[in-house]
Amino acid sequence: MSSKVVAVAFGAEEVPELLTAARQYGNVTVLTGPEVDIGALRRFGAVAAYVAEDGFMDPRAAGHAVRRVCEEVGPELLLALSTKNSREAFTRASHSLGAPMFTDCLELTVEGGVVRASRLVLGGGYVATQETSGSPVFATLMPGRVTPSEAPSQVDLKVVELVTGGPTNGTVKEVRPVERSAVDLSRAEVVVSVGRGFKKKEDLKLAEELAKALGAELGCSRPIAGDLKWMPEDRHIGLSGKWVSPKLYVAVGISGQMQHIVGIRRSRVIVAINNDPSAPIHKEADYSVIADLYQFLPVLTEKLKEVKR
Ligand SMILES: Cc1cc2nc3c(=O)[nH]c(=O)nc-3n(C[C@H](O)[C@H](O)[C@H](O)COP(=O)(O)OP(=O)(O)OC[C@H]3O[C@@H](n4cnc5c(N)ncnc54)[C@H](O)[C@@H]3O)c2cc1C
């Protein structure tokens, strides 16, 4: 296995999954930001690491750093988990190098110099298989596709500090931390998810109480986080958000558009609570409850509490 792969991690939490995926394609050099756990890089099989200075979370600076590491290492493949940051940084770096790029890959194979990717296209409704024989190839993988496993053998890691060189155009006036939840939804065992069936933010209390009774994490459809700002961005589930695979997924007041469904398909059991019998979510659900959530949720939560008593 002599191929060189550069894995770009935009946070320490990405390392186990990203490196497990990257190891299948060759020897892995990691590029990451200053909040790095060198022990984890070693355990998950990196042979070298470039640690960028502050500013790495700005995709312009990251794009610059990716390009520099690409020129130094000369990899056949550059890999990241699909996020807003990775897509922008990779677009910038691949464009400046004139290199091909695949985003949002479900599967990626490399054989005889040909990189073949299965990708979600047309809003998540279709999967396209595409290939290129260019080198290097940039690819972002949909999160949640690989179960992390430590490398069978580990090597002494060579660590290089990297000055990113800063953004390539413009200046950053202010950086504000994004509101983040303490929990990673993609690993939750039970999820209660809310949609636009809720009329106002205060009503989410009904779902919070149900989640508490079930020991569940709370998720949502995109409009609840993106448009209404009722919940943090990292709680939105679907094509452009988190992909979840819980034992139980309870969708409340969610219509079940394709972009939401692709993020919940790996749930073991799906329960839909929606008062419209023709809502698409009912076709995906193992159990459908056709009811007004305002009447049904308090009863369900009370029953669950009774069972626990
Ligand atoms: C490129 C792209 C990416 C996208 N990515 C995502 C994504 O990652 N995740 C995502 O979720 N969406 C995504 N979307 C948006 C998606 O297409 C839908 O618009 C969105 O999922 C709809 O959210 P919703 O189900 O909450 O709202 P709606 O579609 O408005 O559905 C609300 C549902 O609530 C029901 N309801 C109303 N009142 C009650 C009541 N009292 N009791 C019970 N049920 C009730 C209604 O019958 C309806 O079915 C994306 C769109 C695009 C174009």
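In this predicted model, helix α5 (residues 204-214) packs with helix α9 (residues 293-308), the axes lying 9 Å apart at an angle of about 20°. Angles under 35 degrees count as roughly parallel, and α5 and α9 are therefore roughly parallel to each other. Their crossing is left-handed. On the α5 side, the contact is made by Leu206, Ala207, Glu209, Leu210, Ala213 and Leu214. These meet Leu297, Pro298, Leu300, Thr301, Leu304 and Lys305 of α9. Sorted by class, the contact of α5 with α9 has 9 nonpolar, 1 polar and 2 charged residues.

Helix α1 (residues 15-23) is mostly covered, with 7 of its 9 residues buried. The buried residues are Val15, Glu17, Leu18, Leu19, Ala21, Ala22 and Arg23.

Which residues does Leu18 contact, leaving aside its neighbours within four places in sequence? Leu18 is in contact with Ala7, Ala9, Leu79, Ala80 and Leu81, those neighbours being set aside.

Leu18 also belongs to the largest nonpolar core, which has 49 residues. Ala7, Leu18, Val66, Leu79 and Ala139 touch the most other members of this core. Helix α3 (residues 59-73) gives the most to this core, contributing 6 residues. A second, separate core holds 36 residues, among them Leu120, Leu185, Ala251 and Ile264.

Key: Residues numbered from 1 in each chain as written. Predicted model: local features only at pLDDT ≥ 70, side-chain atom pairs only at ≥ 80, totals over all residues. Buried ≥ 20, exposed ≤ 12 C-beta atoms within 10 Å, placed from the backbone. Helix = DSSP H or I, 4+ residues; strand = E, 2+ residues; numbered from the N terminus. Axes fitted to C-alpha atoms, helices over the stretch in contact; angles between N-to-C directions. Parallel < 35°, antiparallel > 145°, perpendicular 65-115°, else oblique. Left-handed = near helix turned anticlockwise from the far one by under 90°. Contact = placed C-beta atoms within 7 Å. Nonpolar A, V, L, I, M, F, W, Y, C, P; charged D, E, K, R; others polar. Core = buried A, V, L, I, M, F, W, Y, C linked by C-beta atoms within 7 Å.
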